[in-house]
Amino acid sequence: MKDLLRTNTSLHEGVEKLLNLQSKIESDASAKYLAMAAWLDRNGYECTAEYMYKQSEEEREHFLKVFKYITEMGGIAITPSVSEVQQEFASFREVFEIALQNEITVTHAVNKVIAKCRLENDYATEEFMMWYVKEQREEERNARRALELFELIDEDSATGKFQLDKEIAKIGATE
């Protein structure tokens, strides 16, 4: 039966596996941002919490985009299980240090899919994944910008925390 299913798709099995992994990674990213948003909300960072809620929703959209692509191409999209995510953070800054590391991990995963596409001459999937390349540049830039703001604004003062909350929430809003 598996051989019959493989004839109904132009996706190579290895590409399909990596796309399902990418789908899982995007789904996990959504859950991580949701946990970060909840922590920020609990700790009084309302503006940044809203920013993270939006990030979570955006990552869910990224997950669905990959998931739907797999089925569109005749592959078998695997619904990812929800992973356990970190709920507590040591500091406001740590949230963004982790966010940046998560985005770098996603970028590496995107690159692996594209490398496999090139190996298998899967130009359609490579073209599809190029949207993610551009998106990841933006995501990493935004996370780095948030960390730059921690260098520019004193997080240790109440006024600094308030200002950071407002400024971080503006990241990416002008694009």
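View 1. Cys47 counts as partly exposed because its relative accessibility is 24%; here buried means under 20% relative accessible area, exposed over 50% and partly exposed in between, with a 1.4 Å probe and protein chains only. Cys117, at 0% relative accessibility, counts as buried. A search of the whole structure finds zero disulfides, a disulfide being a pair of cysteine sulfur atoms within 2.5 Å. Please keep in mind for every view that this is a predicted model, in which local features need pLDDT of at least 70, side-chain atom pairs count only at pLDDT 80 or more, and totals for chains, interfaces and linings use all residues. Residues are numbered from 1 along each chain as its sequence is written, and side-chain values use heavy atoms, with hydrogens and water left out.

**View 2. Helix 2 against helix 4.** Two packed helices are described by the angle between their axes and the distance between the axes. Helix 2 (residues 13–42) and helix 4 (residues 92–120) have axes that come within 10 Å and cross at roughly 170 degrees. Helix 2 is therefore roughly antiparallel to helix 4. In the contact of helix 2 with helix 4, the residues divide into 17 nonpolar, three polar and six charged. For these classes, Ala, Val, Leu, Ile, Met, Phe, Trp, Tyr, Cys and Pro count as nonpolar, Asp, Glu, Lys and Arg as charged, and the others, Gly among them, as polar. Helices (H or I, at least four residues) are DSSP runs, numbered from the N terminus. Axes are lines fitted to C-alpha atoms over the stretch in contact, and angles run from 0 to 180 degrees between N-to-C directions; under 35 degrees counts as roughly parallel, over 145 as roughly antiparallel, 65 to 115 as roughly perpendicular and the rest as oblique.

**View 3. Glu59 and His62 in helix 3.** Glu59 is found in helix 3 (residues 46–72), and His62 is found in helix 3 too. With 0% relative accessibility, Glu59 counts as buried; His62 is buried as well, with a relative accessible area of 3%. Which residues does Glu59 contact, leaving aside its neighbours within four places in sequence? They are Glu26, Ala29, Ser30, Tyr33, Glu103 and Glu139, where contact means heavy atoms within 4.5 Å. His62 touches Glu26, Trp131, Tyr132, Glu135 and Glu139, not counting residues up to four places away in sequence.

View 4. Side chains of opposite charge can pair when their charged atoms come close. The structure holds nine salt bridges, each a side-chain nitrogen of Lys or Arg within 4 Å of a carboxyl oxygen of Asp or Glu. Glu88 forms one with Arg42, and their closest N and O atoms are 2.8 Å apart. This pair links distant parts of the chain, 46 residues apart: Glu88 sits in the loop between helix 3 and helix 4, and Arg42 in helix 2. Arg42 is partly exposed, with a relative accessible area of 48%.

**View 5. Further salt bridges.** Glu120 and Lys116 meet in a salt bridge (3.3 Å, N to O). Both lie in helix 4, four residues apart, about one turn of the helix. Glu120 counts as partly exposed at 24% relative accessibility, as does Lys116 at 23%. Glu126 pairs with Arg118 in a salt bridge whose closest N and O atoms are 2.9 Å apart. Glu126 is buried, with a relative accessible area of 14%, whereas Arg118 is exposed at 51%. Arg93, Glu97 and Glu151 are linked in a network of salt bridges.

Note on methods:
Helices (H or I, at least four residues) and strands (E, at least two) are DSSP runs, numbered from the N terminus.
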